[in-house]
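Subject: Structure handover

Hello,

Here is the structure for your files. My notes on it come after the coordinates.

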Amino acid sequence: MTKRIAVGATVFATCCIALAYASAFVPGGGEWGAWSMVIGLATMVVSLMVLGVARRGRGVGRLAVPLAFTFVVIVAGFGAALLLPVETVGGRLVLGLPLRAALVLYGVGLLPILVLPLAYALTFDDMTLSEADLARVRALGAEYR
């Protein structure tokens, strides 16, 4: 069931991204098109991760919280960058970057890179193939040969 929802979310994300690109051809489409892209990108990233980690009958397990965190960070980071006022020359710098660029680079880019590998490492034994799964794969391989 989890994979079916993730596939549906991937289709939804693809439609959001396509709508964002189409908004360039609509007068006034820039505002809602940008938000469509934000939602589409965040949904696409998380839904593809769910497709990668979901196991039959077990869902995503303890990875649900880090995956939700990733979605929130992406939407909040890109959303904050969209909502900030236009920057001027000599504006505020954060670690050497303008505030918008810092939000995207450090928030959207760096935070998930710090959290997700740790989450995957902590749940590795729960989320990898069990002995029964390995036996089934070996049996299918032997049958194929």
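This is a predicted model: local features need pLDDT of at least 70, side-chain atom pairs count only at pLDDT 80 or more; totals for chains, interfaces and linings use all residues.

Residues are numbered from 1 along each chain as its sequence is written, and side-chain values use heavy atoms, with hydrogens and water left out.

Buried residues in α3 include Pro66, Leu67, Thr70 and Val73, where buried means under 20% relative accessible area, exposed over 50%, and partly exposed in between (1.4 Å probe, protein chains only). Among the elements that cover the buried residues of α3 are α2 and α4.

Ser47 belongs to helix α2, residues 29-53. Ser47 counts as buried because its relative accessibility is 4%. A polar atom of the Ser47 side chain lies 3.2 Å from the backbone oxygen of Met44. Apart from neighbours within four places in sequence, Ser47 is in contact (heavy atoms within 4.5 Å) with Ala6, Ala9 and Thr10.

Phe69, Leu110, Leu111, Ile113 and Leu114 make a nonpolar surface patch of about 440 Å². Patches take residues with over 30% relative accessible area and no salt bridge, joining like charges within 9 Å and nonpolar side chains (Val, Leu, Ile, Met, Phe, Trp, Tyr) within 5 Å. A salt bridge is a side-chain nitrogen of Lys or Arg within 4 Å of a carboxyl oxygen of Asp or Glu. Accessible areas come from the Shrake-Rupley method with a 1.4 Å probe, and for residues only the protein chains shown count as cover. Helix α4, residues 99-122, gives the largest share of the patch, 4 residues. Leu114, in α4, counts as exposed because its relative accessibility is 53%.

Leu105 is also found in α4. Leu105 has 47% relative accessibility and therefore counts as partly exposed. Leaving out neighbours within four places in sequence, Leu105 is in contact with Leu97 and Leu110.

Leu95 sits in the loop between β1 (93-94) and β2 (97-98). Leu95 is not a glycine, yet has a positive phi of about 50 degrees. Leu95 is exposed, with a relative accessible area of 71%.

Regards

Conventions
Helices (H or I, at least four residues) and strands (E, at least two) are DSSP runs, numbered from the N terminus. A polar contact is a pair of N or O atoms within 3.5 Å; within protein, one must be able to donate a hydrogen and the other to accept it, and residues adjacent in sequence count only if both atoms are side-chain atoms.
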